[in-house]
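Trainee: I am new to this structure and would like to go through it slowly, one question at a time. Could we look at it together?

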Amino acid sequence: MDHTFQVDLRGVVDLLSHHLYGSPRVYVRELLQNAVDAITARRAADPEAPALIRIEPPERTGDGTLRIHDTGIGLTEAQVHELLATIGRSSKRDELGFSRHEFLGQFGIGLLSCFLVADEIHVLTRHGDNPTVRWTGYADGRYAVTVAPSEAARAEPGTTVTLVPRHDADQWFTTPTVTDLARLFGSLLPVTVRVGDVVTTTGEPPWSTTAGAPLDRAALVGYARETLGVDPFDVLPLAVPEAGLTGVAFILPTPVNPAARAGHRVYLKQMLLTETADGLLPDWAFFAHCVVDATELRPTASREALYEDTLLTATREALGDQVRGWLVRLARHEPRRLAEFLQVHHLGVKALALHDDEMLRLVDRWWPMDTNVGTLTLAEFRERYGVVRYAASLDEFRQLAAVAAAQDLAVVNAGYTYDTELIERLPVVDRTVLIERLEPSDLTTRFEALDPQVELALRPFLTAAQRAVERSGCEVVVRAYDPVSLPALYLVSRSAAFNDQLAASRDRADELWGGVLDALAATAPPDRPQLVLNHRNPLVRRVAMLSDPELVGLAVEALYGQALLLGHHPIRAADAALLNDSFLGLLGRAVPGRE
């Protein structure tokens, strides 16, 4: 024996309020949506039919209820049963003509959303010359359908919906709230919406819906101030014909967090869908805020977000291409404006350049980068020095920039977000571009070796110096280099840095992973950091002439510590202990005497 499901309407309403809709305010949107659909249906047969929606808040009605009147097609008694008392059945809605493309509603949830704020819903509706029908629904699932008495009958086709507020929902029915919600959701609707004596619709978007038509920039800037609270850096027209989409992108005037998704204002068939749509633009275009109207994009069931499908994906790509085209046009025709834009939103452009050749060329030509010879674009740097030699991290640049400059090596600071990846991608786009990552060994090869006799005389000193810093795991060498004022330089190659990280990880690892790391260490190249003492520095030469091994050790330890600090190297526990010993030892030698 077959049985039918029993539906608990209170449970359905609770589901709607807590899981489908973000806020009870959507009841105004659903009422407007039904009214606009009814007007659209009537005007399809009678283009001269009036297009008016009147909302009367409780202050108007005087009986505590809210009423919304429309001049739509109305419903017969049979249609009332099919459309107002059925949950989840769409076939009859299709047969009755209320799921055609030009209508806003597609899900048949209808008046259920009004139970979020009302205990009772009364509907008076008249279709053509048929009698007026009264439908009354209750939040517990009961409903009744009768022919309205003559004194309550409508004189013209259309529908009047009356909501009896719930005891805890009065705030949603005040005149200012209803007016604001009607203006928010329905300001662009092609019908007149009046709340009391206030008309809340403009009927047209603030942008042109005709392809190629010029923008009224002054009006759009005013719209951005009103809706977004900003004066946009620029206004970009948008159009995706296959999605029936028109609109504008406002380029934001201040930096924004690239990780924060920009919320876009999306209308579907001139009814507001959401003010915080996600995924309309590619992630890299976080500097743009869109306001668009579309006819073909699909909403989710709650009508508060866009449904992710192939059309939305294609629309996202098309809009991304249009934003990218705007950047290219700025580069060609308004370089000063582009420079201003990049100062604010360079991260977004660089993120796009990671996978877009045109944007990479734009960054190469226009984005000024930090170098040890001043601020230059990559194109300017190549023109002057041929090879783009770069330090891949801020620490590397800080450690090596000044010394490299003294050796006539120009170096780009590629330690900021995306810079290393962009430089390494340049040869993929242009095979004539030469790049080279700066290594400490590049500097040591340019340092001047000492005269053999001088080097031979320094051997006792080097032995004592090596003994002093042996526990830090570095090698002491003496070279002559500029600047003369720099007594020592601590250089760590990539392989040496890898070995240090491996050793630190080994100390923290358990027995199993320790064995794995030991195996890696066995295959790692035997490379050690270098403490390069500058023989041109007077202090280093004086230290090298000391005859006291203990004092030599303390002095070399102090030079080692200074090199770590000047090079912004991390200070390990062993380094801190060495620095402490050298400081106290030198202080003790400087203050002789007995306790």
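Trainee: What covers the buried residues of H20?

Mentor: In this predicted model, the buried residues of H20 include Val552, Leu559 and Leu564. What lies over the buried residues of H20 includes strands S20 (488-491) and S21 (530-534), together with the helices H16 (459-469), H19 (538-544) and H21 (573-590).

Trainee: How far apart are the end C-alpha atoms of helix H20?

Mentor: Helix H20 covers residues 549-566, and its 18 residues, at 1.5 Å a residue, should span 26 Å. The model agrees with this expectation, because the end C-alpha atoms of H20 are 26 Å apart.

Trainee: Which residue caps the N-terminal end of H20?

Mentor: The cap is made through a side-chain oxygen, which lies 3.0 Å from the backbone nitrogen of glutamate 550. The residue that supplies this oxygen is aspartate 548.

Trainee: Is aspartate 408 buried or exposed?

Mentor: Aspartate 408 sits in the loop between helix H12 (394-406) and strand S17 (412-413), and has a positive phi of about 65° although it is not a glycine. Most residues other than glycine have a negative phi. Because exposed means over 50% relative accessible area, aspartate 408, at 69% relative accessibility, counts as exposed.

Trainee: At what angle do helix H8 and helix H9 pack?

Mentor: Helix H8 (residues 310-333) and helix H9 (residues 335-353) have their axes 10 Å apart, and H8 passes H9 in a left-handed crossing. The residues of their contact divide into nine nonpolar, one polar and two charged. The angle at which H8 and H9 pack is about 145°.

Key:
Residues are numbered from 1 along each chain as its sequence is written. This is a predicted model: local features need pLDDT of at least 70, side-chain atom pairs count only at pLDDT 80 or more; totals for chains, interfaces and linings use all residues. Side-chain values use heavy atoms; hydrogens and water are left out. Axes are lines fitted to C-alpha atoms, for helices over the stretch in contact, and angles run from 0 to 180 degrees between N-to-C directions. Helices (H or I, at least four residues) and strands (E, at least two) are DSSP runs, numbered from the N terminus. A crossing is left-handed if the near helix is turned anticlockwise from the far one by less than a right angle, and right-handed if clockwise. Ala, Val, Leu, Ile, Met, Phe, Trp, Tyr, Cys and Pro count as nonpolar, Asp, Glu, Lys and Arg as charged, and the others, Gly among them, as polar. The expected span of a helix is 1.5 Å times one less than its number of residues. Buried means under 20% relative accessible area, exposed over 50%, partly exposed in between (1.4 Å probe, protein chains only). Contact means heavy atoms within 4.5 Å. A polar contact is a pair of N or O atoms within 3.5 Å; within protein, one must be able to donate a hydrogen and the other to accept it, and residues adjacent in sequence count only if both atoms are side-chain atoms.
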